[in-house]
Amino acid sequence: MNSLAGKRIVLGVSGGIAAYKAVEICRRLVDAGAHVIPVLTKGATRFIGRTTFDALASEPVQMSLFDEDDPIPHTTLGQTADCVLVAPATARVIGAYAAGISSDLLTATLIATRAPVVICPAMHTEMWEHPAVIDNIATLVERGVHIVGPESGRLAGGDEGAGRLSSPADIVAAVGRALDAGGQLADMAGLSVVVTAGGTREPIDPVRYIGNRSSGKQGYAFAEEAASRGAKVTIVTTVERPDLAGATVVKVDTAQEMAAATAKAAKEADVVIMAAAVADFRPVDPAGVKLKKRDGVPAIELEPTPDILASLGASKPEGQTLVGFAAETCDVAGNAAAKLSGKGADYIVANDVTAENAGFAYDTNEVLVLASDGRTHPVGLRSKRQVAQAVLDMVVADRTSRADTQENK
Ligand code: C5P
């Protein structure tokens, strides 16, 4: 199924060095059957010639708010578009859109449209991290605008850092998602997905346990998102939350139980998402009866639990995608990178659980996704469901491009 076929997509290109990548995005959208109308800002034409888009897109480039044939091109574009995509989006375009200021055809179209909007920021790290840009992005997220990227990596002028435009494949996948409001796209249809959620409980005695602060919200958000995209979902969970329609729920308590249930379910899975906070240690010999205070402070000997993710990584079937998590309190990127290679995962979703509004119990999260091929993809503060969406977009795009490569061999 392809949600892009026959859709009118305004492709806004603003003036950043990443504008050259918009050519590839344009080509991919046209290949998917979309009708692409390029709208370039004046700045964009300093980086890329309009002739290229004239040749590749479905219509010639538009740039002016004033057109001889159409007195109000921005309204026409805004009203007839099924989606407005801006890639790359500069700090200026993001700021103007957030503030409702229309100073050129692109910003006017953004304000005139009621269609889904996908914004793909690209700029230097200093700009991306400026409080004004952070606030503008938060405003747009609140209004339901889809933000894709940016990624971290090499920037113009040889600098490194956050601010690089997301890959054309990720951007096109996100446009497909934005157009699929009803969930008919089902880009995970036919995939079997296993998600773990919650924190394990390791008994000390029949009433006490060693636990952690995981709420299971991020795991459930993954399960819900995967199910809404058509996947067959099994959730191995320590927490009771409202049942997911159509998903298989396996309730567990300890790391040992989670290991057994996950290993069984993962054998046939296409994607395994280890969102659970699994205890690393458990009491060697839990008491059979409740420990009494009068008997004094107990000495509880601990032993390691099985590392579920590492053993799944070691026995990963061909073609399976394995996603691990790293809840960190310091050196998030460094610790996550070590986990990625140490555990044989394809991705590690890392978060700083001490950050404001992110991590345990919150409804929002902010993560850094590390892929085993070295790519990093920061996902700024947003709902846990939107975090799940961003990670699954990446998983689906990578699985699709891998399948394409296999086919072309
Ligand atoms: O090593 P650490 O516990 O920080 O790694 C976190 C990742 O490993 C998470 O994806 C978690 O679900 C998984 N994990 C596991 N088994 C353990 C400990 C962690 O699968 N015993």
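Where is the place of Pro 150? Pro 150 is in the loop between β5 (146-147) and β6 (151-154). Helices (H or I, at least four residues) and strands (E, at least two) are DSSP runs, numbered from the N terminus. A cis peptide bond joins Gly 149 to Pro 150, with omega at about 5°. A cis peptide bond also links Ala 87 and Pro 88, where omega is about -5°. Pro 88 belongs to strand β3 (residues 83-89).

The model is predicted: local features need pLDDT of at least 70, side-chain atom pairs count only at pLDDT 80 or more, and totals for chains, interfaces and linings use all residues. Residues are numbered from 1 along each chain as its sequence is written, and side-chain values use heavy atoms, with hydrogens and water left out.

The ligand is described next. Around the ligand stand 14 residues, of which Met 274, Ala 276, Leu 309, Phe 325 and Lys 339 come nearest. A residue is near a molecule or strand if one of its heavy atoms lies within 4 Å of it. By class, the shell holds eight nonpolar, two polar and four charged residues. Here Ala, Val, Leu, Ile, Met, Phe, Trp, Tyr, Cys and Pro count as nonpolar, Asp, Glu, Lys and Arg as charged, and the others, Gly among them, as polar. Three elements each supply at least two residues of this shell: α11 (308-314), β16 (321-328) and α12 (332-343).

A ligand oxygen is 2.8 Å from a polar backbone atom of Met 274. Another entry concerns Lys 343: an N or O atom in its side chain is 2.9 Å from an oxygen atom of the ligand. For Thr 305, an N or O atom of the side chain is 3.3 Å from a ligand nitrogen. The protein covers 87% of the 440 Å² of accessible area that the ligand has on its own. A search of the whole structure finds one aromatic pair. Phe 222 and Phe 325 form this pair, with 5.6 Å centre to centre and 90° between the planes, which is edge-to-face. Rings of Phe, Tyr and Trp (its six-membered ring) pair if their centres lie within 6.5 Å; planes under 30 degrees apart count as stacked, over 60 as edge-to-face and the rest as tilted. Phe 222 lies in helix α9 (residues 217-228) and Phe 325 in strand β16, so the pair ties together parts that are 103 residues apart in sequence. Phe 222 is buried, at a relative accessible area of 0%. Buried means under 20% relative accessible area, exposed over 50%, and partly exposed in between (1.4 Å probe, protein chains only). The charged end of Arg 241 sits over the ring of Tyr 220, 5.7 Å from its centre. For this, NZ of Lys or CZ of Arg must be within 6 Å of the ring centre and within 35 degrees of the ring normal.

Helix α8 (residues 168-178) is largely enclosed by the rest of the structure, because nine of its 11 residues are buried. Among them are Pro 168, Asp 170, Ile 171 and Val 172. Arg 177 is also found in helix α8. Its relative accessible area is 13%, so Arg 177 counts as buried. The C-alpha atoms of Arg 177 and Arg 229 are separated by 9.3 Å, and these residues are 52 apart along the chain.

Asp 104 occupies the loop between α4 (91-99) and α5 (105-112). Asp 104 counts as buried at 15% relative accessibility. Its side chain is joined to that of Arg 92 by a polar contact of 3.0 Å. A polar contact is a pair of N or O atoms within 3.5 Å; within protein, one must be able to donate a hydrogen and the other to accept it, and residues adjacent in sequence count only if both atoms are side-chain atoms. Thr 400 lies in helix α13 (residues 384-408). Thr 400 is partly exposed, with a relative accessible area of 42%.

Strand β1 (residues 8-13) contains Ile 9. Ile 9 is buried, its relative accessible area being 0%. The C-alpha atoms of Ile 9 and Pro 116 are separated by 10 Å, and the two are 107 residues apart along the chain. Asp 331 is found in the loop between β16 and α12. Phi of Asp 331 is near 40°, a positive value in a residue other than glycine. Asp 331 is exposed, with a relative accessible area of 52%.

Key:
Areas by Shrake-Rupley, 256 points an atom, 1.4 Å probe, with all protein chains shown as cover.
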